[in-house]
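Me: Hi! I'm new to this one and would like a friendly walk through it. Can you put it up first?
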Number of protein chains: 2
Amino acid sequence: MSKTYEELKSRLASIHDLHMARSILGWDQHTKMPPRGGEVRAEQLGTLDRFSHELFIDDEIGRLLEELLDYEEEVGPDSLEGSLIRITRRDYEKAKRVPPELRAEMTRAGAIALPPWIKARETSDFSIFLPYLKRNLELTHQYIECFEGMGFESEYDVLLDDFDEGMTADVVRTVFDELKRELIPLIARIQDRADRVDDSSLHGDFPIEKQRAIAIEILERFGFDHESWRLDPTVHPFAMSAGTRDIRLTTRYDETDLSVSLFATIHEFGHGFYEANVDPATERTSLSSVTSMSLHESQSRMWENLVGRGLPMWRFFYPRLQATFPDQFGAVELDEFYGAINKVQPSLIRVEADEATYNLHIILRFELEQELLSGDLSLEDLPEAWNARMEEYLGIDVPDDARGVLQDVHWSGGAIGYFPTYALGNVVSVQLWDKLRGELPDLDAQFEKGEFGDLAGWLRENLHVHGRKYTSKEMLERIVGGPMDPDCL
Amino acid sequence: MSKTYEELKSRLASIHDLHMARSILGWDQHTKMPPRGGEVRAEQLGTLDRFSHELFIDDEIGRLLEELLDYEEEVGPDSLEGSLIRITRRDYEKAKRVPPELRAEMTRAGAIALPPWIKARETSDFSIFLPYLKRNLELTHQYIECFEGMGFESEYDVLLDDFDEGMTADVVRTVFDELKRELIPLIARIQDRADRVDDSSLHGDFPIEKQRAIAIEILERFGFDHESWRLDPTVHPFAMSAGTRDIRLTTRYDETDLSVSLFATIHEFGHGFYEANVDPATERTSLSSVTSMSLHESQSRMWENLVGRGLPMWRFFYPRLQATFPDQFGAVELDEFYGAINKVQPSLIRVEADEATYNLHIILRFELEQELLSGDLSLEDLPEAWNARMEEYLGIDVPDDARGVLQDVHWSGGAIGYFPTYALGNVVSVQLWDKLRGELPDLDAQFEKGEFGDLAGWLRENLHVHGRKYTSKEMLERIVGGPMDPDCL
């Protein structure tokens with residue numbers, strides 16, 4: 001029986017290699033590729049996705065999975081073997097429904113849309129991006145149709161399931177409605193107090209090389225290791241890995257605003273650290289991924305907000321930050337800096353938003369995506385709808401589409417249904433944080449000494465090491481003993 | 001009939017995409033990958049090569065080629081269609097003989113050997129690299145065996161044929177013997193004069209950022225375009241492309257020696273410029289490659305030596321170089337600089353060698369490779385044999401293996417049989433140069449004004465645009481009306 005398993009594993013390893021090759025080409029496309037390389041890159045990405053898809057939906061994989069039913073039961077659902085078979089079976093059932101040509105075309109269209117999105121954003125001209133977004137939406141509809149009869153309750157659920165298995169729009173809506181009910185009045189209420197917080201020290205002159213140096217210094221303490229990681233600049237920050245020893249973070253530098261790259265870098269570190277800690281025994285299998293994108297975001301948001309905006313870690317790092325930027329921070333007390341990085345203030349850009357307003361940025365996107373999918377909102381009217389909702393939820397005026405509907409990379413790549421994972425990640429991050437602080441009461445004192453090993457160890461052991469073995473629901477059940485709970489926030 | 005052709009072309013396009021993905025992963029491995037990513041990268045490269053190989057040797061490709069025999073004759077050998085069918089048929093006949101597992105293993109072994117080679121070179125310890133080189137040599141033997149009965153006259157011819165179709169060790173030996181007869185006494189003779197050339201201005205303090213800036217300034221005049229090209233640092237300079245609009249050069253900087261990166265960058269530009277100028281209609285086909293590695297090297301060597309070490313171009317660029325490095329060159333006359341960059345002096349490192357001694361570096365490698373293949377020389381004795389021949393040909397002592405047998409990246413990647421193309425490229429570069437200068441008598445005056453358009457145009461039109469349509473022999477016949485001729489040198 002183990003021979004059948006080995007055969008399955010070996011096939012999956014090769015397919016995984018193609019996925020990783022695709023990741024590297026994607027990373028390269030965003031960070032290194034000369035702009036005019038985009039057209040042929042789209043073909044390359046499409047081809048990689050088509051081949052890996054074709055190889056995966058091969059009947060032989062189905063036959064092997066069939067043959068392994070007894071073996072799967074024998075080894076149990078918590079074993080690597082049992083998990084790989086279970087995960088693969090689910091992936092296979094879904095992939096079988098998607099024609100390779102559609103898979104390739106979605107990738108190709110997503111890659112082709114990147115340069116026009118960048119151009120549209122630079123010139124704040126939504127019309128440049130519109131035809132590409134239209135194409136992505138069409139393909140999304142075709143993709144959703146593939147899953148008819150598979151038991152999804154809504155179109156949106158099909159998309160969500162790719163990022164967080166079993167998650168539904170209903171659950172998201174319940175969580176989001178509760179958040180909205182609390183957050184909108186809260187933000188309006190603290191607006192006055194926020195106006196009195198002075199965050200001018202974060203604005204000024206921050207040479208990129210120095211921003212990078214201090215970020216690396218912080219990340220090294222967290223667990224960044226130059227033998228296995230790298231950090232590059234990009235238009236839109238992201239993290240990706242091509243193996244547990246090849247972790248790549250990107251960040252966006254703004255020479256006039258330190259907080260942009262600082263918190264983006266810490267955020268992406270959270271992603272990278274999750275992927276770096278997955279059990280190396282899962283290398284070259286789909287288990288070497290993560291539980292779900294919501295859990296993934298729980299890690300990035302935890303490092304960004306609960307560690308990175310906390311006072312304890314800055315007791316250690318702030319003197320170093322002052323030494324790096326003496327003109328900016330030499331005369332600023334730690335408390336003042338701490339207030340500045342935690343200022344709650346409705347703002348235009350999601351990735352730069354504070355903890356409180358962030359979720360409203362997500363809820364807005366979730367609602368607009370649903371309306372686009374249902375056809376209630378036309379793409380032509382999207383910028384206007386965006387701006388109206390920004391006014392409604394955050395009370396602010398969007399001056400141009402670059403800082404409005406064009407700000408995020410996701411829709412250019414065809415990633416519709418992804419945004420909710422950020423806010424779900426926020427919720428989960430707090431649930432995990434409550435739990436781990438109960439078990440590690442000494443954390444603050446450690447952070448103050450620049451020590452993050454206990455936190456890292458707890459996260460590794462309880463969450464990261466499992467890779468993609470469990471769903472979000474199973475994982476939360478294991479760690480906090482219950483479901484997702486927005487009350488924590 | 002054109003439907004059959006379109007089917008072939010479409011299959012080949014996807015296979016070509018995989019080759020390009022592999023190139024990007026290779027580029028990334030040498031320039032960006034965190035060191036510990038190497039192990040899993042080797043698997044990814046091996047998998048890409050195995051799949052593209054399997055897809056290419058599919059019987060269906062053979063069937064299509066068979067069906068296209070009449071069509072090929074009809075469209076003629078100079079058409080893109082006819083050329084693609086002809087080239088593909090030859091590639092197919094060769095590839096069919098190589099098992100996909102061997103293909104993948106050669107790639108994997110070559111990738112795995114990179115970090116030990118870097119380490120061995122850093123510590124000048126050949127024993128670190130030895131087992132990997134042994135493995136590469138074993139695999140080379142297995143590879144050669146695949147071609148038994150195909151009419152190759154020697155083992156070495158099999159390897160040469162991959163880099164320069166139809167080239168044989170006999171031809172190389174004839175060319176090299178003539179070069180040796182001329183060069184060894186010549187170099188001994190001019191040694192005295194060389195000692196009097198002062199090249200101290202090239203040694204000193206050259207910050208990398210400034211080296212890069214002046215190199216880019218020169219390359220932009222030559223034809224480097226930021227929309228389609230990039231330039232990165234690496235251990236060993238190389239050029240690669242992932243499409244005619246995605247050209248990547250690498251160079252190695254030495255902060256104490258300007259000539260290292262300057263001429264490496266110009267050299268790699270020659271490669272990149274060839275690949276950038278191939279007919280865009282060949283994109284995503286094997287025709288978008290180049291005639292042969294010898295012709296490829298003829299271009300890099302031409303830009304490096306015949307343009308880059310010539311007085312005319314420096315009449316334009318030298319004032320700019322002086323402005324970039326005033327401390328080094330402010331008081332150095334152009335003539336003195338010109339003498340310095342053309343100093344003939346036996347030295348240890350091939351890529352830094354002058355025009356005259358360079359070929360002896362190659363001849364040494366060609367001879368050692370043949371002895372390794374035949375078993376006359378054991379790998380254990382290779383460093384000693386290397387050093388003895390350096391003494392014999394160039395009259396210099398090799399102080400350590402880092403500057404001896406470990407200096408080149410090629411053997412780590414399994415590229416045995418490649419080196420001769422450099423010296424053949426030197427020969428061809430001069431043949432082409434003689435020809436084009438006859439047709440473009442105004443070149444010097446143009447270079448003095450920083451204009452390289454006529455040269456670029458001539459190369460594009462006569463050579464580059466044809467991509468891989470013709471063999472070296474056919475190409476030389478078309479351009480200079482005869483075979484390779486070492487007398488030119």
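Me: How do β2(B) and strand β3 of chain B pair, parallel or antiparallel?
Reply: β2(B) and β3 (residues 247–251) of chain B pair in the antiparallel sense, over three bridges. Strands count as paired if DSSP finds at least two bridges between them. Strands themselves are DSSP runs (E, at least two residues), as are helices (H or I, at least four), all numbered from the N terminus.

Me: Is this an experimental structure or a predicted one, and how are things labelled?
Reply: This is a predicted model, where local features need pLDDT of at least 70, side-chain atom pairs count only at pLDDT 80 or more, and totals for chains, interfaces and linings use all residues. Residues are numbered from 1 along each chain as its sequence is written, chains are lettered from A and ligands numbered from 1 in the order in which they are written, and side-chain values use heavy atoms, with hydrogens and water left out.

Me: Back to that strand pair. Which residue is the bridge partner of Ala239(B) in β3(B)?
Reply: Ala239(B) has Leu249(B) as its bridge partner.

Me: And what order do the strands take in the chain B sheet?
Reply: The order is β1-β3-β2, in an open sheet of three strands with mixed pairing. At the edges are β1 (229–233) and β2 (239–241) of chain B, each pairing on one side only. On average, neighbouring strands are turned by 20° against each other, direction ignored.

Me: Which helix packs on it?
Reply: That is helix α1 (residues 2–31) of chain B, which touches β1, β2 and β3 of chain B. Contact means heavy atoms within 4.5 Å. The direction of α1 makes about 145° with that of β2(B); axes are lines fitted to C-alpha atoms, for helices over the stretch in contact, and angles run from 0 to 180 degrees between N-to-C directions.

Me: Switching to chain A: how many bridges join β1(A) to β3?
Reply: Five bridges join β1(A) to β3 (residues 247–251) of chain A, and these strands run parallel. Arg230(A) stands opposite Arg248(A) there, in β3(A).
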